[in-house]
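Notebook open, structure loaded. I'll jot down what I look up as I go.

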Amino acid sequence: MTPGLNIQKLVLLMTVAAIVAVVVKHIRLPYTIALVIVGLLLSFFHMLEPVELTEGLVLFIFLPPLLFEAAWNLDVRHLRPSMGIIFLMATLGVTVAIGVIGGLLHWVLGFPPLIALLFGAIMAPTDPVSVVAIMKRMKLDHRLSSLIEGESLCNDGTAVVFFKLILAMVLLAATTGIESPDAYIIGGLAQFILVVGGGVLIGGGVGLFFSVITSKFDDHLLELTFTTIVAYGSFLLAEAVMAPGEIPGLHLSGVIATVTSGLVMGNYGRQHGMSASTKIVVSSFWEYAAFFVNSLIFLLIGLEIGIFQLYDASFQIFVAVVAVLAGRAASVYLLAMLGNIGFRWALPFSWQHVLVWGGLRGALSMALVLSLPRNALDPATREMLILMVFGVVLFSLLAQGLTMPWLLKLLGLGARLPDELKDYHRLKAGMITAREALSRLEGWVEGGKIAPVTATKVRQELEEEVRKIESDLEALHLSNDLLLAEDAAETRSRLLSLRKALVNDLVLQGALSEEIGNELRAGYDEQLEALAGLEVEELRQEEEVSQ
């Protein structure tokens with residue numbers, strides 16, 4: 001058994017993750033994918049000992065902050081046009097995917113039906129971290145990005161519920177000898193509704209309760225602590241409640257509880273119970289928590305995967321990859337076809353292709369397969385399932401993740417970053433550097449570093465360059481109002497940040513009291529948030545116009 005995680009290994013892993021983060025700033029490679037590659041290399045050359053990814057470590061330590069952070073930052077207003085397709089994909093779509101994956105594994109590899117369906121449930125949840133990062137970098141349609149995030153959050157919860165249901169049937173079959181799931185379909189469906197509904201109720205209740213409590217205080221540290229309690233507490237509370245029914249050993253869904261509590265806190269508690277300063281502190285904390293956990297998970301995935309073992313199981317992994325892609329394609333295209341018949345949530349074909357190829361698998365699938373109890377399966381079957389899951393996750397992150405930019409460009413979905421916008425940023429950079437050069441030139445003249453005659457000649461050249469850039473920028477603004485709006489918003493944001501920094505300096509110098517400084521900073525934070533809210537409202541109006 002591989003060793004566990006201690007403080008020395010934690011510091012070492014985060015040092016490696018920090019180095020990778022610095023390097024990927026200069027190369028066109030998603031951070032999470034780079035971490036997996038580095039982990040594979042470290043494992044292959046035995047440079048770093050692998051750390052055991054246990055169910056407790058991933059499900060109870062790593063997963064809640066990832067789920068809460070994603071839900072906290074997900075604006076439900078962006079999901080409204082896609083709520084129908086998200087709901088169906090997280091329920092009927094997950095069911096179809098599990099059925100297709102399980103059917104292919106049973107037919108091609110000869111797995112028993114329940115074991116094949118169990119593998120389908122393990123591979124059903126998607127992990128869009130890398131794809132969403134690519135989309136944000138390419139400035140794609142926010143509705144597509146929100147659709148992928150929202151669908152992933154919901155299908156994570158339902159897939160885990162299906163996994164627990166099927167695993168309970170496997171355990172039941174191991175003790176009673178009954179291998180057919182037919183007798184448990186009705187009872188299992190009732191328990192599924194109970195597990196999901198119970199998770200929603202607990203998550204919603206916890207999120208609403210702490211939203212109200214948060215509104216009674218104006219202490220960013222205390223309110224940050226409340227959100228931490230919500231993230232982990234809702235998960236643990238749901239998992240502590242047994243779901244009665246025909247299939248024993250089931251608990252309410254902690255995943256769904258955490259997602260629901262995060263949505264409530266992010267869309268209600270944050271707006272009605274937190275000051276502008278607290279919102280910034282809490283959002284920054286959860287952004288870092290997600291970065292920290294993601295860094296560890298994806299690096300540990302690379303360390304955990306044994307390349308030679310994967311090679312020995314290459315045929316089974318190939319079948320699993322094909323089955324997972326087929327299951328995802330069946331669920332997306334089938335539901336999109338139903339939607340295109342006449343529902344408001346009809347999806348363009350290009351979006352359907354992105355949803356299929358962008359359905360990456362990651363940490364949750366690995367956590368589920370590692371949580372398989374040894375008494376439920378024979379050792380050889382359990383080991384093969386683990387290798388197949390690791391192989392699919394590796395293919396998903398490397399093959400699908402790395403080719404997503406190419407697919408997006410092929411489908412024309414990167415067209416929202418026009419050549420004019422590229423020219424604008426290029427000219428803006430030229431303006432900044434030219435003006436800075438002029439400023440330095442004057443300083444050199446005053447310091448006697450260059451002769452005034454030389455400075456006059458160079459100054460004329462720089463001033464001519466500035467006039468040319470100003471003319472080109474004005475032409476761009478005249479031809480694209482979006483550029484002017486973006487420039488104005490960015491300028492206002494920078495000036496507000498500057499004024500906030502000046503207030504901080506005044507407080508530090510003793511020229512302003514801490515109380516007045518806090519009031520002024522809160523005011524600037526509210527104006528900064530209003531700017532962000534204005535952008536969201538503009539996106540919403542754009543969304544309504546497009547419909």
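**Cavities**

I began with the holes: about 70 Å³ of space lies in the largest cavity. The structure holds 2 cavities of 30 Å³ or more. For my own record, a cavity is a set of points, on a 1 Å grid over the protein atoms alone, where a 1.4 Å probe fits but cannot get out, and lining residues have an atom within 4 Å of a point. Grid points are joined across faces, edges and corners, and the volume is the space filled by probe spheres set on the points.

A note on the source: this is a predicted model, where local features need pLDDT of at least 70 and side-chain atom pairs count only at pLDDT 80 or more, while totals for chains, interfaces and linings use all residues. Residues are numbered from 1 along each chain as its sequence is written, and side-chain values use heavy atoms, with hydrogens and water left out.

Next I listed the lining of the largest cavity: Met-89, Gly-93, Val-94, Ala-97, Ala-124, Glu-151, Asn-155, Arg-328, Ser-331 and Arg-361. Helix H5 (83-109), helix H8 (142-176) and helix H14 (314-340) are the elements that give two or more residues to this lining. H5 supplies the largest share, 4 residues. Helices here are DSSP runs (H or I, at least four residues), numbered from the N terminus. I sorted the lining of the largest cavity by class and got 4 nonpolar, 3 polar and 3 charged. Nonpolar covers Ala, Val, Leu, Ile, Met, Phe, Trp, Tyr, Cys and Pro; charged covers Asp, Glu, Lys and Arg; the others, Gly among them, are polar.

**Helix pairs**

I looked up helix H2 (residues 31-44) against helix H17 (residues 379-410): they pack at about 130°, axes 10 Å apart. Axes are lines fitted to C-alpha atoms, for helices over the stretch in contact, and angles run from 0 to 180 degrees between N-to-C directions. H2 and H17 are therefore oblique to each other. The cut-offs are under 35 degrees for roughly parallel, over 145 for roughly antiparallel, 65 to 115 for roughly perpendicular, and oblique for the rest. Ile-33, Val-36, Ile-37 and Leu-40 of H2 make the contact with Leu-394, Leu-397, Leu-398, Gly-401 and Leu-402 of H17; contact means heavy atoms within 4.5 Å. I get 8 nonpolar, 1 polar and no charged residues there.

H17 also meets helix H15 (residues 349-357): the axes come within 10 Å and cross at roughly 160°. That makes H15 roughly antiparallel to H17. From H15 the contact takes His-353, Val-354, Val-356 and Trp-357, and from H17 it takes Phe-395, Ala-399, Gln-400, Thr-403, Met-404, Leu-407 and Leu-408. This contact divides into 8 nonpolar, 3 polar and no charged residues.

Then I checked helix H1 (residues 7-24) with helix H12 (residues 276-304), whose axes come within 10 Å and cross at roughly 95°. That makes H1 roughly perpendicular to H12. Among the contact residues are Leu-10 and Met-14 of H1 and Phe-292 and Leu-296 of H12. By class I have 10 nonpolar, 1 polar and no charged.

**Arg-459**

Last, I looked at Arg-459, which sits in helix H19 (residues 452-479). Which residues does Arg-459 contact, leaving aside its neighbours within four places in sequence? They are Leu-438, Leu-441, Glu-442 and Val-445. Glu-442 is 17 residues from Arg-459 in sequence and 8.8 Å away in space, C-alpha to C-alpha.

How values were computed:
1 Å grid on protein atoms, 1.4 Å probe; cavity = no way out; pocket = protein on both sides within 12 Å on 5 of 7 lines; lining within 4 Å.
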